[in-house]
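Me: I am new to this structure. Could you take me through it?

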Amino acid sequence: MPTVKVDGQEIEVPAGATVLQACELAGKEIPRFCYHERLSIAGNCRMCLVEVKPGPPKPQASCALPATEGQEIRTDSEMVKKAREGVMEFLLINHPLDCPICDQGGECDLQDQSMAYGRGATRYDENKRAVTEKYMGPLIKTTMTRCIHCTRCVRFSEEIAGVDEIGALYRGENMQITTYLEHAAKHELSANVIDLCPVGALTSRPYAFEARPWELKKTLGIDVMDAMGANIRIDSRGREVLRALPRVNDDVNEEWLSDKSRYAVDGLTRRRLDKVWIRKPKKNGQGKLEAATWDEAFKKIKAVKPGKDIAAVYGDLLDCETMFAAKALLGAMGSTLIEGRQTGMTYDTSNLAAVNFNTTLAEIENADAVLIVGSQIRHEAPLLNVRLRKAVKRGAKVFIVGPEWETTYPATFLGNDLGVLNSLSADVTDAFGKAERPAIIVGGAALGRGALGKALALAKEWNVVREGWNGFNSLHFSASRMGGLMLGLAQKGGMADLVAAKPKVLLALGADEVDFTQFPDALKVFIGHHGDKGAHAADIILPAAAYTEKAGTYVNIEGRVQRSEKAVFAPGDAREDWTILRALADALGVKVGFDSFDQLRAAMFANTPALANEGLADLGGELPAGGGDASGIIEAYPVADFYLTNAICRASPTMQRCSAELLHGEPLAEAAE
Amino acid sequence: MADRYIEPVTADLRERWGSFAFTPAWEEKAKAAIARYPDGRQKSAVMALLDYAQRQVGEETNTQGWLPIPVMEYVAAYLDMPVIRVVEVATFYTMYNLVPVGRFHVQVCGTTPCWLRGSDEVMETCKKRGMKKGHTTEDGLWTLTEVECMGNCASAPMVQINDDNYEDLTGERLDVVLDALAAGKSPKAGTQEPGRHTVEPVGGPTTLTAMVDANHDYRGEW
Ligand code: SF4
Ligand code: FES
Ligand code: FES
């Protein structure tokens, strides 16, 4: 632990810290462009110059200089001030005066730092360099003349994403950042380079010229596009959500966000259900939907006299409050028929520890042997893939059972047949025998095929739960899954139990993946926000709120309870889901025990105390023993099209375009700008 | 070098170079280059391999050689590294040609010492033969590039043609060299000043004169 002096103030810094980190610990701001906590050190922008003694009598780049015992660092001397002014002036030599027409304006490091550390005027009157535009795909808009060659984008795609596709060509002043042959950046985290770019060289294409940052209302939210529970900031203006950005949370998403979570938001204003609709009866085939009032809809439901013959199925994007309200309503009617595994998947949910990601996202980085059973991690949990890549960089061995996919780290595929789990080859058993922190990840494709028992047995055999380490993980894809399971909303036989019960009324809460033809006689009431598959099959549509339009509690795959706030109001007649269920209770003449959102939350906490506290929930219990043999072939993973996994994505033009161009290789129709 | 660019990847280019592979002779050299580095560090040989590839392309096209993208892709696959990293290297060093060049790549040094010693005249001589900066002549014989100091200032002005330097040039001396090359001969490389061997002072030594007759150095050979 070296002790250094920063501007006369003595502090102790952790071993291995750089001078820049030491200055930060001392509360001094060091301007920087190329340095980034989560990327390797490049040391090429020179903005972080400070004066360091002992050392050569010139300013030194603090980001690349290790802090050593007895150093005297000055960040406030005349030399440092001049050095910063000088670097700033050099950087601006070739930087265009674009601020009025640049989307980065207002959140631009270069703009801010030139205000704070620049000399205020230029002495340069030669021609500026110009760089040809580069194409980087449907999400990233480039203006490469603005690039200051910090190489953050290059380092991100190489180090974090693990997809070497961005590079710096040519040299010196002529250096140009580009993707290989200007192909679109093709991975699930590509848009993070937009946040990383300290200038306006890489900006958001869908959000181009939409708003200035200071016009936006910022709301803290939780992402629902997958089950990771990424922390997001929802930026909205008026009633429209304009963008979603990652918030830093080292336990969950670090500071990254998948492209889908970031760009599906333009689906929030399209194909919305903003009116009540009732399907008119027709002799054969489906009748037409007609706009109606809430009263008419409720009357119609009441007329069926469901009694306890009511069931509910919940969709992938739901918050715990909505699910609990549904549970309460059904409970009051005398039914417990709620299920969320829409496609009919079943697995044992009696022990929550067995269906949880126990290792936690932050800890999985430390695993040294990982067996992935039936998961296309890049599509099902892109942010988890980042963590696995880190683990592999630290020496972890990865084995995967399932169809091959393009990993971003070396991994061994063991084939499609789950049967291999019964007799694993020597290299797998060896790796796990030797591993100190072994981990098993069971994905949806395996859970649905009954491999959970075998995986648990392997966990026991390899002793993956040991002092200070729990290596058993199930990996879900739906944001609502863990919350639903904690609320106890699952049937032993899955959807089949609901079908067998032949309910008179089926409430579909944002459920779009259900095969509704299984319920020919039920009155299907869709409560949701998008006119997608669920709404097409419904007899009655009650318009509800999307994740940005309601406050809610979400539980991510590792059992982390997080709360999201309401950013905007739902459009038209749409209401927050819980109020619809509350009103439906009135219409059906039952009491659910809450009249306000606060009462609802209180009732939910009383019912499931684990939801009351934010953070990792204690799911208790040892892992069950498991057992049995695994069998079955995994033909395909559940996520067929990464960009179109739910109703919001499917309504999003940006996601449609990504799917068409990046997955199906259609050429991009350049929009007239 | 601002006008360096990568030859666009067309179907024709892929067709022509898509099946590029090292000939046994170059392959042997490539293997030797890779063997110089520890196991798993084969990427370090990228510069050598690009050079070999460029030379092989040169042999196949009877030019100095260049690096079409499919060839860079071949090198990347050969070394098991991302293509973009190979392209980065190839675009960084100007010795790698990114577009087709002629039989002889005439690189005229135009930096101050050469300029003071008459690089303008050298340049003029080239231009008189129809060469144009950054272009290849119609007959495919000459490609002209102006470059910065090549480290031969003591025998300025100079040009580099493919692997050889020609120094102490005047317009006429360059003409002789170019004529010889065009005729398929190999003119003497190095200084073109009669009586001069390398870069020793013209007209005899001006320092260490005592060393002319006898060796006073501690080394046996000087
Ligand atoms: S494009 Fe942006 S992030 Fe990439 S090198 Fe240029 S300035 Fe840095
Ligand atoms: S931040 Fe230190 S050189 Fe860029
Ligand atoms: S200036 Fe021409 S070789 Fe040095």
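Predicted model: local features only at pLDDT ≥ 70, side-chain atom pairs only at ≥ 80, totals over all residues.

Me: How do helix 2 and helix 3 of chain B cross?
Reply: The axes (lines fitted to C-alpha atoms over the stretch in contact, with angles from 0 to 180 degrees between N-to-C directions) of helix 2 (residues 24–35) and helix 3 (residues 46–61) of chain B come within 9 Å and cross at roughly 170°. Helices here are DSSP runs of H or I, at least four residues, numbered from the N terminus. The two are therefore roughly antiparallel to each other (an angle over 145 degrees).

Me: Which residues meet there?
Reply: B:Trp26, B:Lys29, B:Ala30 and B:Ala33 of helix 2 meet B:Ala48, B:Leu49, B:Tyr52 and B:Gln56 of helix 3; contact requires C-beta atoms, placed from the backbone, within 7 Å.

Me: Next, how many residues of chain B are in contact with chain A?
Reply: In chain B, 12 residues are in contact with 10 residues of chain A.

Me: And which residues come nearest to ligand 1?
Reply: Of the 14 residues around ligand 1 (C-beta atom, placed from the backbone, within 6 Å), A:Cys147, A:Cys150, A:Cys153, A:Cys197 and A:Ala201 come nearest.

Me: Is helix 2 of chain B largely in the open or buried?
Reply: One of its 12 residues is buried, so helix 2 of chain B lies largely in the open; buried means 20 or more other C-beta atoms within 10 Å of the residue's own, all placed from the backbone.

Technical notes. Residues numbered from 1 in each chain as written. Chains lettered and ligands numbered in written order. Parallel < 35°, antiparallel > 145°, perpendicular 65-115°, else oblique. Contact = placed C-beta atoms within 7 Å.
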